[in-house]
Amino acid sequence: MAIRVFLLLLIFLSSSCPTFSIYEDQVGLMDWHQKYIGKVKHAVFHTQKAARKRVVVSTEENVVASLDLRHGEIFWRHVLGPNDVIDEIDIALGKYVISLSSGGSVLRAWNLPDGQMVWESTLLGSNPSKSLLLVPTNLKVGKDNVIFVYGNGFIHAVASIDGEVIWKKELASEGIDVQQLIYPDGSEIIYAVGLLGSSQFDAFQINVKSGELLKHSSMLFPAGFSGELSVVTDDTAVAIDSTGTILVTVGFQDGEISFTKTHVSELIQDFSGVAVVLPSKIPGIFVLKVNKSIFFIKVTNEGKLKIVDELDHATAISDSLSSLEGQQAFALVQNNNDKILLTVKQGNDWTSNLLEETIQMDHQRGLVHKVFINSYVRTDRSYGFRALIVMEDHSLLLLQQGVIVWNREDGLASIMAVTASELPVKKEGDLVSKVEHNLIEWLKGHILKLKGTLMIATADDVAAIQKIRLESSGKSKMTRDRNGFRKLLIVLTRAGKLFALHTGDGRIVWSLLLNSLRKSDTCENPRGISLHQWQDPHHHALDENPSVLVVGRCGLNADSTGVLSIVDTYTGKERSHTGPIHSIAHIIPLPFTDSMEQRLHLLLDANSHAHLYPKTAEALGIFQRELGNIYWYSAETDRGILRGHSVQNKCILEVADDFCFDTRDLWSIVFPSESEKIAATATRSLNEVILFFSPSSSQHCAAYSLLSIPTSSVATVVHTQAKVTADQEVMYKFISKNLLFLATVAPKADGPIGSVMPEESSLVIYLIDTVTGRILHRVTHHGSQGPVHAVFSENWVVYHYFNLRAHRYEMSVIEIYDQARADNKDVLKLVLGTHNLTSPITAYSRPEVSTKSQSYFFSHSVKTIAVTSTAKGITSKQLLIGTIGDQVSLFNSTCVLLFCYTGCLPAFVLALDKRFLDPRRTVNPTQAEKEEGIIPLTDSLPIIPQSYVTHALKVEGLRGIATVPAKLESTTLVFAYGVDLFFTRLAPSKTYDSLTEDFSYALLLITIVALVVAIFVTWVWSEKKELQDKWR
């Protein structure tokens, strides 16, 4: 009887054990997702009383979005893609958002409330030109309201209700650059004005209903124009001449053109330099910039010019707005240290201000770049204005009644580089926050978790469980945790701003707008290049803070001067900055650190000189000792040349520099230009570490890639150098940092998919030793073309391309093995010492390698591929694949994940066993291979929609995926970035080394107590039974 009771109790307890599924209340515990739109280019307000107040914007990330004016939240948005650049937007009929993109080729109408596309029109043309959009308020042709579009040399009249082209007229047949479309309200004529070359002004008069060209007038201006026209009235424009010293007022009333010249010196005393007419849309006024001053100049009815105001501070100017009283108003925003001055003026009365406010502004946001205004009626029936401003750091703010109503950090939509940094170590004496304040709270919490496990929890209980989990996880603390889940993600944006994001919840810990990457007299066009780990203290973790190196350039070309900044990752303060310095063509992080754990970096300039940083005697000594072991490669894709380089002697310069070294070319490979063009390269991560070690197997030569600098500075570990097969054979991996993957395509195939016939296309794959330039392996895929995406890790490379013959995407894998160690399988040789494990390895000896490869069909296109990394390299690898639909597909050594969301091409985040990517797969595997786990060969990778990694979340505009190992070997941290940001923790081989966060300790305690009680009861019953048997 006792045994039966014990077994029943055991069965009950085992059946109530917690599962490993993800419930609704668990979403967001290990991941976070943030939506952005990017730097705003255009904005149109929609504030009708009957509808929700919103502002429609377009951005530099090619996003069309509708934002809530109350909170700044996104109502809806569409990301159009990198090749569909948005030219202009407007609102038609009060219900359609009109967007013009692709150089005036694509016109779309979106439903204003929900963002659904109503119609799309393709406007064809043969002459690339400026794109212009004009939406008249009340103009009908027949029964249709009309939209005017100029693009590709044609002006189109398009019906706003269905997108049908009513008429079109070519204007650029003679090379005329149309710069403005002008439609006077109530007129039957639309005007198009522009320039032919730089010395002729042209004006067209076109009938708005039929598209008939009524008149074409032109007139030469011998001195020539500079810049663009600024149209100030319906029949007057202003331009600057080619010398930048004479203003030209152009009248074109009734098709009669006249020029009136005014020297800038007549308007501005002590004028010197060159004047520039800034783009503006203020009736009767244009804006002139002279040096650092801004002048507002009015054009009188007689055509004379008069300065109405001068501003010395950096100023942003809005377009004109028809205010509620029918007057034209516009806004000026001036920067003054940590404050901005917002002024709203009336177009015809410059002396008085409709609004003047001073707002406190975080100086880390920089200057105001754009401003858009909107009017409203206050509760006291007076008129007010709200301003939407775009800052230098690409953030977006709404100002109203002298305060910042809301702000959006949309600079995070343009992340260029990512690295990870540890959080501070918890020091002794710090208070440890207790999750449960007392025993009663502790018991309540675990009782609730037990109810959730048994699925008897109410809705209130589920909410309480979620709250307890968030509080007890400790994921938002600003100190390190024992599992290494809490870190800082340091990201560099296109605006030149650094952000530190907490991996726990994605919040911004600190931000810094780098002065070295801001426009100045010494650096006119600054731009960030890359981000690298500078100092990552381990032995001095309590004394030194980690820091990062930010590398920038004062221009778009490789020969532009460079700038450097070192930033403390704990505080977000700039430790030091240098520049402008020598040009920076490439950056090579070296695997050496000094006594302060500062990492050495080699910066290559445009003159083939190598500069060592940090510039200290200790760093110089370390570098000189390793001088003969540093190699790198460069690829000239246009010329089809691959070169290998090394460091030579110190530079011979006019001013001696001990930290400058000459470089020399070691080898070169020239690919035949008529048959091959470099399409892609990939190398192993510079931080991939071989964990196994023996004194006899050291790699003396290391090559550092210039074209594949890793985004994460955390070391990736290779755990073992051998693979044991089912028949007990040992295959030694060929693990070399010198190995380069390079793909070339036929020149005709260097275009979009389908632009070439299969017979004319081929994809050639090379594996090249970058120390000697030796080609170790070559394979050709006939009838295939790019784009090629590849990832290289350990001894294998996986790459993705398109097969034209099969009309499908393919993924191929190549594994490289070292044949020189193939004889080291004999135990007798190991005992007698006749093995070759003690032989030194050098890149100069010809390696004996063998390869195994296989190709599979893959049903999705790809944007980017990355590979996971763990602390010891024991856990199976995962390939993180960003699909073209901006989902993250995950292929791993145990599983692959694929995810799809509504409104995109079918794609999922699926789990696919690594055995599906094993090149040793055969159609009929042997019994030994089946025991090893090798499955039969199929022609495609199976897609099994079972496990969702990103849940139902998009990562729009995906550009890159960074992986960071946690201290817990089973777990890796994944950060996907683009227009959106997504972070999660992955466990490729499950969490085999820890309990899950939702593990029910209460259930475990009850189980233990129940087992103890059962043991005691059965012992008592057994003793009684024995006593009864003895009395018989």
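This report walks through a few local features of the structure above.

## Before you start

The model is predicted: local features need pLDDT of at least 70, side-chain atom pairs count only at pLDDT 80 or more, and totals for chains, interfaces and linings use all residues. Residues are numbered from 1 along each chain as its sequence is written, and side-chain values use heavy atoms, with hydrogens and water left out.

On one hand, β8 runs antiparallel to β7 (residues 96-101), joined by six bridges; two strands pair if DSSP finds at least two bridges between them. Here I98 has A109 in β8 as its bridge partner. The two strands make a hairpin with four residues between them, and S102 in the turn has a positive phi of about 55°.

On the other hand, five bridges link β8 to the antiparallel strand β9 (residues 117-122), where E120 stands opposite R108. This hairpin has five residues between its strands, and G115 there takes a positive phi near 80°.

## A helix with two sides

Now look at helix α5, residues 617-625. A619, L620, I622 and F623 are buried in α5. They lie on the same side of the helix, because they cover an arc of only 165° around the axis (taken from the directions from the helix axis to the C-beta atoms). A617 and R625, on the other side of α5, are exposed.

What do the buried residues of α5 pack against? Their partners are β44 (586-593), β45 (599-604), β46, β47 (630-636), β48 (641-650) and β49 (660-670), where contact means heavy atoms within 4.5 Å.

## Cis peptide bonds

A cis peptide bond joins Y613 to P614, with omega about 0°. Another cis bond joins G786 and P787, with omega about 10°; P787 lies in strand β59, residues 784-793.

H394 is not a glycine, yet its phi is positive, near 75°. H394 sits in the loop between β33 (383-391) and β34 (396-400) and is buried, at 8% relative accessible area.

Q401, also not a glycine, has a positive phi near 55°. Its place is the loop between β34 and β35 (403-408), and Q401 is exposed, with 52% relative accessibility.

Conventions
Buried means under 20% relative accessible area, exposed over 50%, partly exposed in between (1.4 Å probe, protein chains only).
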